Each structure stands twice: as structure tokens, then as C-alpha cells.
Amino acid sequence: MDQFDVANGELLIGGLPLTQLAARVGRTPFYAYDRSLLSRRVAELRTALPPAIELHYAMKANPMPALVCHMATLVDGIDVASAGELHVALDAGAAPRDISFAGPGKQESELRQAVAAGILVNVESFREVPLLAAISDELGLPARVAVRVNPDFELKSSGMKMGGGPKQFGVDAEQVPALLVEIGRTGLAFEGFHLFAGSQNLKADAIVEAQRKSFELALRLAEHAPADVAFLNLGGGFGIPYFPGEQRLDLAPIADNLASLQAQASRQLPHAAIVIELGRYLVGEAGVYVCRVTDRKVSRGHTYLVTDGGLHQHLAASGNFGQVIRKNYPVAIGNRIGVTDVEAASVVGPLCTPLDLLGERMTLPRAQPGDLVVVFQSGAYGASASPQGFLGHPPIVEVLV
Ligand SMILES: *Cc1c(COP(=O)(O)O)cnc(C)c1O
């Protein structure tokens, strides 16, 4: 994992040797996110993509407040998926104009908080229209809305499909014209469309195709819109490599395609800003999960490194967060980088379930109790996506370095 430097056999996180960082944190396990890597990733994207493309952070990937504060200074907007996330985004200083709220099953109280905050609500159901209209009347404030469209195509080669076919997300494309009539009739402030086809995609041509089809669908739907399209959110889905053999996403074809969509938009949707929203691509590679080896056990010839961390804090690395076939996340012994005395070992946690596996039969430097195990690619869908209450261990610590 070459995004992190190494000095004297130790990984450097935010410039600090891992053992020093662990001492500073005061206990293990912990998640650490490297500020400079977050900034660098956004800067690289800005350089690669056309300048007019707006970049949003989908904070579901990592809602740690300090990290969201940092991201809010770098991106053009924050996408939230609950009222809880909305509060974090507002606290982080994001401008209400640039916050949008998506999610099926928004509670009435969440919609009220959204209207009061002045953020954009991505409408995902006919049910939300009269609710928003009533809230808007009650508060005397406009209800800013975009329509989240469930497209009539799928994002190919995606780790997680979130559009196309029957879905609980968004409103089916064929029903959107009727929804737009309702939005116009009830006087909601229509501002655009949101299309999100899927997540964790490493194939640039699949993303290009989805963005092109999303754009064309939005153009067709815009003919039914009660007002100008101000925002056209084409989703994201940019993946990061987790497993051996996976190739980094090639941004060049995506950038070329966005430039041509941008040019087309300036003619056909002249008031529209094109937005892409990314979660894991922005934060995933900047984070590590660190736990400490508690015990070394040899069972019938196989070595187990038993650690103080596990699936209760890092469900995704255990393979239980949407993986079909379990594969190992990249793992290292963070205080023995480059050591040539290696062995085959499995890294497990303290939970009483065989699912509590952080690395299965990996080749690692021979580790001892006290050593620090590092799980890379852990900046997204880590702490907040894990069942921390399972087995009653203490809550996880997170630091931004
Ligand atoms: C989850 C989600 C994202 C972020 O997905 P990543 O794979 O983390 O980039 C973006 N938009 C919506 C609507 C989502 O639900």
C-alpha cells in the first residue's frame, strides 16, 4: 500500500511512526485517517476532471465529524442519508445550498429538519411530495427538491447495484413524469435530478456508459420538469482496489466523457451544474484500522494471530459487508514492514464466532503479542458500518492525523 511511507520498518500515518501513533491514541484498536491523503485525493480528482464538474462527498462512507469537517473544506457539497448525518454536515460548516439528502423511507421529522435547514431533498417516493408541501407551508420556507430516478438500466460490473430493475431507491424513470406533475402542482422548488446506479466499480467504461445513459435519461425527463434543472447529480460509483489483481480505476476516459457531457449540458441544460458524488473513492484509501496482537496460537499446524480487533469494528474486512466470496483486505504487521522472516498465519479477533476473521492464511512477517496489525483500505465503511455492540467490547476510537 504505497500511499503510506515507511521509516525504520514502521508504517507512517500522517507522518507519525505507527507505534508512536498508537501510544498517542492511548489504546488499540483504532481507525486512523490521514489528512494529507484525503487532501491529495481530492486534488488529484480536481486535476483529472473538467473544472466545472462539482464534487460531492457522500458522507455515509465515513461520517466521523472531524473527517467531515476536513472534507467540507475540500469538496463542493456533502450528500447525507439521514437527519443524523445532516447535523454532522451542518456542524462541519457545509453550506445548506450544497447539502443534499437521499434515502428511501425518510421520516417526516427528517424532512422537516431538511426543509428548516434549507438543504436539497432528493425525493424518492410519491409519499414525500405532499409531506414536503405541508412542511413547507407550516414553516413558510421553500422545500428544495430534486428527483432521485431509478434508471431503466444498470451499472455494469458494480460491486453493489443501486439502480436499474426493481429497487427501493428512487422513483422508476417511467413514473417520473407523473411525479414531476405533482411537484409542480404542489409548488415544491424543483432543482434537478439525481441518478445513482451503483457502487465500487473499477471499470471506467462501465462508469462512462452509466453516466452517459444517466445524462440522456435526465435530458428526456427534463422536458417534463416544472423548472430549470440547476443540479444534475450523475452519481459516482468510483471503486478502489481492495484485493490482489484489482486494477486502479482509470480516470482519463471518465474525465473525457464528463467533459463532453458538460459541453452538451451547456447547450441543452444551460442552468445545470453537473455533480458527481463519491464516498469510498475519496476516503477509503486514506484510512487504516489498527489492532494489536494479543496471542499467537498454533492449532494443528496453522498459526492464528489473535488480536484485540475484529468484525465488530471492521465488518467489511471480515467479508460480511456485501462480499459474495470472502477475500482478504490488504493486511500488514505495521511495525515489521519489510521483514523477510515470514510465515503463513490467519488474523482473527476476540469474538466467539468463526466469522471473526480479518485475514485468512496470509503471508506475514512472524508476529508476536504486542505487534500492530494494520488493515489497509479502511477509510470507508469501517467503524460506522460495523456492529460495535456485538459481544460488548468498548466502542472504537477514530483519529484524524
Ligand atoms: C452509498 C452512496 C454513495 C457512495 O457510494 P461509494 O461507493 O462510497 O462512492 C453515493 N451516493 C448514494 C446515493 C449512495 O447511497
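The protein chain of this predicted model splits into domain 1 (6–32 + 287–400) and domain 2 (63–278), with bounds taken from an automatic or database domain assignment. Twelve residues from domain 1 and ten from domain 2 make up the contact between them, where contact means heavy atoms within 4.5 Å. The C-alpha centres of the two domains sit 35 Å apart.

Residues are numbered from 1 along each chain as its sequence is written, and side-chain values use heavy atoms, leaving out hydrogens and water. Local features need pLDDT of at least 70 and side-chain atom pairs count only at pLDDT 80 or more, while totals for chains, interfaces and linings use all residues.

Putting domain 1 and domain 2 together buries about 960 Å², meaning the accessible area (1.4 Å probe) that the two parts lose, summed over both. Carbon and sulfur atoms give 68% of that area. On the domain 1 side, the residues touching domain 2 come out as five nonpolar, five polar and two charged (Ala, Val, Leu, Ile, Met, Phe, Trp, Tyr, Cys and Pro count as nonpolar, Asp, Glu, Lys and Arg as charged, and the others, Gly among them, as polar). As for salt bridges (a side-chain nitrogen of Lys or Arg within 4 Å of a carboxyl oxygen of Asp or Glu), the count between the domains is zero.

His-314 turns up in the loop between β17 (302–307) and α11 (315–318); helices (H or I, at least four residues) and strands (E, at least two) are DSSP runs, numbered from the N terminus. His-314 counts as buried because its relative accessibility is 0%, the cut-off being under 20% relative accessible area (1.4 Å probe, protein chains only). Leaving aside neighbours within four places in sequence, His-314 is in contact with residues including Tyr-31, Tyr-289 and Tyr-329.

How values were computed
Buried means under 20% relative accessible area, exposed over 50%, partly exposed in between (1.4 Å probe, protein chains only).
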